[in-house]
Amino acid sequence: MANTSHIDPKAVVKKLHEETELAIAIRRMSEKFTYDERINDSFHDTYEAHGFNIVQASLVYVLALTLMRIHDTAERSDICSLRNLFEELLPTKEATNRLGDRASLFEDARKHYERLRKSHLLSRTKTLRDRFIAHAGMLTGKEQLPKYQYLDDFTDETVSLMEKLSISVLDTHPSYDDVNEIWKKYASRFFDSLIQGQMDASK
């Protein structure tokens, strides 16, 4: 077991909160690349499409890496992860007594974490990280890369879990809905400018 006695659980949750906000931002940018037909139509069969495809893939990869930082399974005391929080810092119900009337919500978060830890969302995203981002792996036919929808669902589940943690450990209600709406607007304005620039360049 790693030595985590010097680590404040609140500091871990705050860092994970920052990572969650980053995941929301990347997800909103990435989904515009993936689902907005205007963008795909604007870059279809163009020289610029080569760069477009690289940026699109990079956003998906960065989203996967961000989610895996939050759900990192490494047994190390120098990283902020859900594993360290639940299994090292606050491993038992007795350890959560200090949370007072918020302890039950923390235990709900623990159950959520256990479910995600065993889910296909985590296993497929981990496959993407380990075999196709960190290393140049090859598909054998039996393996499956996560489609974007898996990362989308994984982000939603992570946000839901982090809402419970922020309330139970930090006693604050996170503004993830606000972050989501802000990045929807940022993404729309960015891609409106990108499409207009592509249209001007093709004249």
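**Salt bridges in a predicted model**

**View 1. E19 and R69 form a salt bridge, with N and O 2.9 Å apart.** A salt bridge here is a side-chain nitrogen of Lys or Arg within 4 Å of a carboxyl oxygen of Asp or Glu. By this rule the count comes to 21 salt bridges. E19 belongs to helix α1 (residues 9-35) and R69 to helix α3 (residues 48-70), 50 residues apart. Helices are DSSP runs (H or I, at least four residues), numbered from the N terminus. E19 is buried at 11% relative accessibility, while R69 is partly exposed at 38%. Buried means under 20% relative accessible area, exposed over 50%, and partly exposed in between (1.4 Å probe, protein chains only).

The model is predicted: local features need pLDDT of at least 70, side-chain atom pairs count only at pLDDT 80 or more, and totals for chains, interfaces and linings use all residues. Residues are numbered from 1 along each chain as its sequence is written, and side-chain values use heavy atoms, leaving out hydrogens and water.

**View 2. R27 pairs with D156 in a salt bridge, the closest N and O atoms being 2.9 Å apart.** R27 lies in helix α1 and D156 in helix α7 (residues 148-170), so the pair ties together parts 129 residues apart in sequence. R27 is buried at 7% relative accessibility; D156 is partly exposed at 39%.

**View 3. R38 and D192 form a salt bridge, with the closest N and O atoms 3.3 Å apart.** This pair links helix α2 (residues 37-43), which holds R38, to helix α8 (residues 176-201), which holds D192, across 154 residues. R38 is partly exposed at 42% relative accessibility, and D192 is partly exposed at 39%.

Terms used:
Helix = DSSP H or I, 4+ residues; strand = E, 2+ residues; numbered from the N terminus.
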